[in-house]
Amino acid sequence: MNQPKTLDDNAAMVTETLKAETRKFNFFYGDNQALKNVDLPVAERRVTALIGPSGCGKSTLLRSFNRMHDLYPGNRYEGEIRLYPDDVNLVSPEVDPIEIRMRISMVFQKPNPFPKTIFENVAYGLMVRGEKRRSVLEEKVEEALRGAALWEEVKDRLDDLAFNLSGGQQQRLCIARALASDPEIILFDEPTSALDPIATASIEELIAEIKEKVTILIVTHNMQQAARISDYTAFMYLGELVEFGRTDELFVRPRKKQTEDYITGRFG
Amino acid sequence: MAETQGPRLRTIIARNHRWDLIIGTIGLLATTVGVLVLMLLFVDLVIDGWQRLTPDFFLNFPSRRPEEAGILSAWVGSALVMVVTAFTAVPLGVAAAIYLEEYAPKNWITELIEINVTNLAAVPSIIYGLLALGLFVYILGLGHSILTAGLTLGLMILPIVIVATREALRAIPVAIREAAYALGATRWQVVSDHLVPYASGGIYTGVIIGLSRAIGETAPVITIGALTFIAFLPPIPFTGDPPAGPFDWLFSPFTVLPIQMFNWLSRPQTAFHVNAAATGIVIIVATLLMNGIAIWLRSRIRSKLKW
Ligand SMILES: Nc1ncnc2c1ncn2[C@@H]1O[C@H](COP(=O)(O)OP(=O)(O)O)[C@@H](O)[C@H]1O
Ligand SMILES: [Mg+2]
């Protein structure tokens, strides 16, 4: 294992191959700087959790990875998010955000299925790539629904509207939708905050399975959840990445006082 | 010992409730007055005109003899003008709304356009007639035709379609747009695969409300020179000698229901006034029917959308 040169050499704390990495990354909503000098390594096929009090910039950082901020005027990235193995800076203006979003999918806080059928929801990512062959779509949709542990429940009603599913099923549908086009990374923004404990447990199980194939970056405000499902954890505070480390170490032996205060529930 | 404050509170509450009662009564009165007046007008029309609503009334051309006169040329004219109106207002209105909501950069030019669109809805319809007379009839030489009338009314209801479409687009949650963008959809894919289908209920409603306003319009149609007495139908495509082209009907002279009604009302013989009342019933029923369809369509499409 590489020896961290300093307390803040985050990349050195990752033993696996990196899938992505932010370097001196800053983000601005207009004049309002929401992220400051963030260095976050993302290990390939591992779960990296972002924790921290509300408003510390977790969603902002997550949404930078698929260039969601490009949708709104006045937003500005500074610094780099390198995506491997290409080794491109994915926030650079020369990189097409559409390509990035095809390679890096996202699951949102509240389940947000399209008002379309279950099948159409899962197939949409393939359709935007121009896939029209019914057989390919059917095969991929089944694979994605199996991957999201939803196939058995919906296989007989693929043409039902997605809204008729329960909240937990809708969120798994959204995961299936994100999985269908074989993304390299999936971003999760508090995916269980709108769900009951049972649905939450099933999503957590699912994330553990998905990480065999896909790199996962997940925002959670639930520290137990981060401890249960992630391999690496980053603690953020006021737009800065305060501490990054292996989850088993960070929760047991935090190196910074702020981290310790947060995980012991003394603030936030 | 402390006194209970119950009785004192109860007087205050009773006083507060009195206002509920007063405002409620005033509101009820205001509503009934409006509805009652409309009902009375409609009942009056029906009493005057219903006996003329025979099949012949719909199948006859106007005539000098009131009992033989009918509204064939008028309702066909109205229907054809509505077709042109819809074909003008829908593509222009929906495209403009999509541009303003989804594509337009937020700057002062966009703002200026937006203010103008809203103000256009308030322009008196006769002004559209004058504009159309100058532009479509004299400059473009489209004649006193169905095409001119349809284009004019299409422009007139354009603001209604634009505003309705924009509202329907805005009602779509950000989360749905983001879900589509997050899968790598381009702006056009988001618009065509999601926004327009989900907004379609609102768009239909806007179009139908616009058309139901256009069908009763008289002033602009008179201004562009619709005939008041017309005893022939526009040419049916591929019939006649020589055969009419597929679009010849667009350039045909025409009349519409409200003009026919106005024409009959201005005659001295009361028998014509009966015809006018019957025509009024037809216009009102057509309008109510369109509004009914709009409500039905909206609720049908809404039921598939949960937000
Ligand atoms: N669209 C926006 N415009 C301006 N400021 C924003 C916007 N979204 C978030 N912020 C600000 O950026 C900071 C980080 O927000 P966010 O990333 O949503 O935090 P978290 O997800 O950790 O709760 C907050 O101070 C928030 O007020
Ligand atoms: Mg957040």
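Chain A contains ten helices and eleven strands, where helices (H or I, at least four residues) and strands (E, at least two) are DSSP runs numbered from the N terminus. What we have here is a predicted model, in which local features need pLDDT of at least 70 and side-chain atom pairs count only at pLDDT 80 or more, while totals for chains, interfaces and linings use all residues. Residues are numbered from 1 along each chain as its sequence is written, chains are lettered from A and ligands numbered from 1 in the order in which they are written, and side-chain values use heavy atoms, with hydrogens and water left out.

Let me stay with chain A. Its C-alpha atoms fill a box of roughly 55 × 40 × 35 Å along the principal axes. For 268 residues, a compact globule would have a radius of gyration near 18 Å, and chain A agrees, with 18 Å; the radius is taken over C-alpha atoms, and the globule rule is 2.2 Å times the number of residues to the power 0.38. Of the 268 residues in this chain, 57% are buried. Buried means under 20% relative accessible area, exposed over 50%, and partly exposed in between, with a 1.4 Å probe and protein chains only.

Now some backbone details of chain A. The peptide bond from Y84(A) to P85(A) is cis, with omega near 5 degrees, and P85(A) sits in the loop between strand 5 (75–83) and strand 6 (88–89). Which residues other than glycine have a positive phi? One is K24(A), with phi near 45 degrees, located in strand 1 (residues 18–29). Another is R67(A), with phi near 55 degrees, in the loop between helix 1 (58–64) and strand 5. R67(A) counts as buried, at 4% relative accessibility.

I turn to salt bridges, defined as a side-chain nitrogen of Lys or Arg within 4 Å of a carboxyl oxygen of Asp or Glu. Over all chains, the search finds 32 of them. In chain A, K19(A), D86(A), E99(A), R103(A) and E184(A) are linked in a network. R133(A) pairs with E131(A), with the closest N and O atoms 2.9 Å apart; R133(A) is exposed at 53% relative accessible area, whereas E131(A) is buried at 16%.

In chain B, E101(B) and R170(B) form a salt bridge at 3.1 Å, N to O. E101(B) lies in helix 3 (residues 72–103) and R170(B) in helix 6, so this pair ties together parts that are 69 residues apart in sequence. R177(B) forms a salt bridge with E102(B), the closest N and O atoms being 2.5 Å apart. Here R177(B) belongs to helix 7 (residues 174–182) and E102(B) to helix 3, so the parts tied together are 75 residues apart in sequence. Both R177(B) and E102(B) are buried.

Helix 6 is mostly covered, with 20 of its 25 residues buried.
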